[in-house]
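Colleague: I have a few questions about this model before I set up my own work. Could you take me through it?

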Amino acid sequence: MTTSRFYALVPAAGVGARMGTNIPKQYMPLAGKPILLHALETFAALPAIAHTYVVVNADDAYIRDVLASEKHLSDRLTVIYDGGSTRQQSVLNGLHHLRERLADDDWVLVHDAARPGLSVDLVARLLEELREDAVGGLLAMPVVDTLKRADGEGRVEATVPRAGMWAAQTPQMFRYALLCRALEQAQEVTDEASAVEALGLRPKLVGGSPRNFKITLPHDIALAELYLKGIE
Ligand code: CTP
Ligand code: MG
C-alpha cells in the first residue's frame, strides 16, 4: 500500500493566443463560470486530492476576483503567482514552490486550466490505474482518424499508421521528485510525459474522454458547453 499523497497542479499562465480574445482563455466564461474554475472544482470535490495549486502569471489581473466568490475552495486551493514563458516553465516554477511541502514520492497531477471537461470519474480512474505504478502516466485517447503527415505545401507526404497512436490529455500524473528531474532536464516539451520519456521511462496510457479536450479555438467554447450539459 502506498502512503503517498496526491496533489493537483494546474498551469494557468498562458495568454490563449489562438483564442484571439483580450482576456486569457482560462478566464473566459463557460456554462456560467470562468473556464479554469471547472477543473479546480473537480479537484476540490475529490477527497483523495490533498490540495490543488494553480500557477498564474505574477501580474495576473483575474484570479483574485474569480476566487473571491468561491469561498468554499479557499482551504483546498493555493495560487502560485509565478508563471513562466512556456507551459513547461510554469509547471516547473510551480513544482519548485512546493519543495518544502511535498515529499519526493508524493504524486502530482498536472492538469491544463483549459480542459474544463475533466470529471471526478476521470480523475478517480487515473488514481486507481496509477497509484501503485512505478512510473506514472496520463489520460489519453486512442486516435480514430487516419493520420497524414503534410509536406511544406499542404499536400500529403505520407500516411502514418494509426495503430498504437494515442492523443495525450491531462492530468498527467508523476511522483514529485521524478517530475522535477524530468522537467529540469528536458529540452522543450509540451507535456510532462515527454519529459519523463526522455529519461528512458514509459508512462502508462489511461483511457480519457472526448469531454476532456483542450479549449484552443473560439468554436471550442460551444462544444465544451455541450459536454458540460451532459453529453458523454
Ligand atoms: N500555460 C502556462 N504557461 C504558459 C503557457 C501555457 O501555464 N507560459 C498553460 C495554459 O494556461 C493552459 C495550458 O498551459 O492552461 C495549456 O496551454 P495552451 O492550451 O497552449 O494555452 P495557451 O498557451 O494559453 O494558448 P495558446 O498556445 O493558444 O497561446
Ligand atoms: Mg500554448
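Modeller: The conversation below begins with the ligand and then turns to the helices, loops and backbone. Please keep in mind that this is a predicted model.

Colleague: How many residues surround ligand 1, and which are the closest?

Modeller: Ligand 1 is surrounded by 19 residues. The closest of them are Gly16, Ala17, Arg18, Lys25 and Ser90.

Colleague: What is the make-up of that shell by class?

Modeller: The shell around ligand 1 comprises seven nonpolar, seven polar and five charged residues.

Colleague: Which polar atom of Lys25 is involved, side chain or backbone, and at what distance from the ligand?

Modeller: For Lys25 it is a polar side-chain atom, 2.8 Å from an oxygen atom of ligand 1. In Gly14, a backbone N or O atom lies 3.0 Å from a ligand oxygen atom. In Ala113, a polar backbone atom is 3.0 Å from an oxygen atom of ligand 1.

Colleague: How much of the accessible area of ligand 1 does the protein cover?

Modeller: On its own, ligand 1 has 560 Å² of accessible area, and the protein covers 87% of that.

Colleague: Staying with Lys25 for a moment, how far is it from Asp75?

Modeller: The C-alpha atoms of Lys25 and Asp75 are 25 Å apart in space, and the two residues are 50 apart in sequence. Asp75 belongs to the loop between α2 (63–68) and β5 (77–81).

Colleague: Why is Asp75 classed as exposed?

Modeller: Asp75 is classed as exposed because its relative accessible area is 58%, and the class begins over 50%.

Colleague: Let us move to the helices. How many residues of α1 are buried?

Modeller: Helix α1 spans residues 35–44 and is mostly covered, with eight of its ten residues buried. Those buried in α1 are Ile35, Leu36, Leu37, His38, Ala39, Leu40, Thr42 and Phe43.

Colleague: Now the loops. What about Asp191: buried or exposed?

Modeller: Asp191 is buried, because its relative accessible area is 13%, and buried means under 20%. Asp191 is located in the loop between α5 (176–185) and α6 (192–197). Its C-alpha atom is separated by 26 Å from that of Gly154, and the two residues are 37 apart along the chain.

Colleague: And the loop between β11 and α7, what can you say about Gly208 there?

Modeller: Gly208, in the loop between β11 and α7, is buried at a relative accessible area of 15%. Gly208 and Met141 are 67 residues apart in sequence, yet their C-alpha atoms are 5.5 Å apart in space.

Colleague: Where is Thr216, and what does its side chain contact?

Modeller: Thr216 is placed in the loop between β11 (204–207) and α7 (220–229). A polar atom of the Thr216 side chain lies 3.2 Å from the backbone oxygen of Lys214. Thr216 is also buried, with a relative accessible area of 14%.

Colleague: What about Leu102: buried or exposed?

Modeller: Leu102 counts as buried because its relative accessibility is 7%, with the cut-off for buried at under 20%. Leu102 is in the loop between α3 (87–97) and β6 (107–110). Leu102 and Ser4 are 98 residues apart in sequence and 9.6 Å apart in space, C-alpha to C-alpha.

Colleague: One last topic, the backbone. Which peptide bond is cis or trans around Pro171?

Modeller: The bond from Thr170 to Pro171 is cis, with omega near 5°. Pro171 is part of strand β10, residues 166–175.

Colleague: What is the phi of Ala31?

Modeller: Ala31 has a positive phi of about 50°, although it is not a glycine. Most residues other than glycine have a negative phi, and most peptide bonds are trans. Ala31 is located in the loop between β2 (29–30) and β3 (33–34).

Colleague: Why does Ala31 count as partly exposed?

Modeller: Ala31 counts as partly exposed because its relative accessible area is 44%, and that class lies between the 20% and 50% limits.

Methods: Residues are numbered from 1 along each chain as its sequence is written. Chains are lettered from A and ligands numbered from 1 in the order in which they are written. This is a predicted model: local features need pLDDT of at least 70, side-chain atom pairs count only at pLDDT 80 or more; totals for chains, interfaces and linings use all residues. Side-chain values use heavy atoms; hydrogens and water are left out. A residue is near a molecule or strand if one of its heavy atoms lies within 4 Å of it. A polar contact is a pair of N or O atoms within 3.5 Å; within protein, one must be able to donate a hydrogen and the other to accept it, and residues adjacent in sequence count only if both atoms are side-chain atoms. Accessible areas come from the Shrake-Rupley method with a 1.4 Å probe; for residues, only the protein chains shown count as cover. Ala, Val, Leu, Ile, Met, Phe, Trp, Tyr, Cys and Pro count as nonpolar, Asp, Glu, Lys and Arg as charged, and the others, Gly among them, as polar. Buried means under 20% relative accessible area, exposed over 50%, partly exposed in between (1.4 Å probe, protein chains only). Helices (H or I, at least four residues) and strands (E, at least two) are DSSP runs, numbered from the N terminus.
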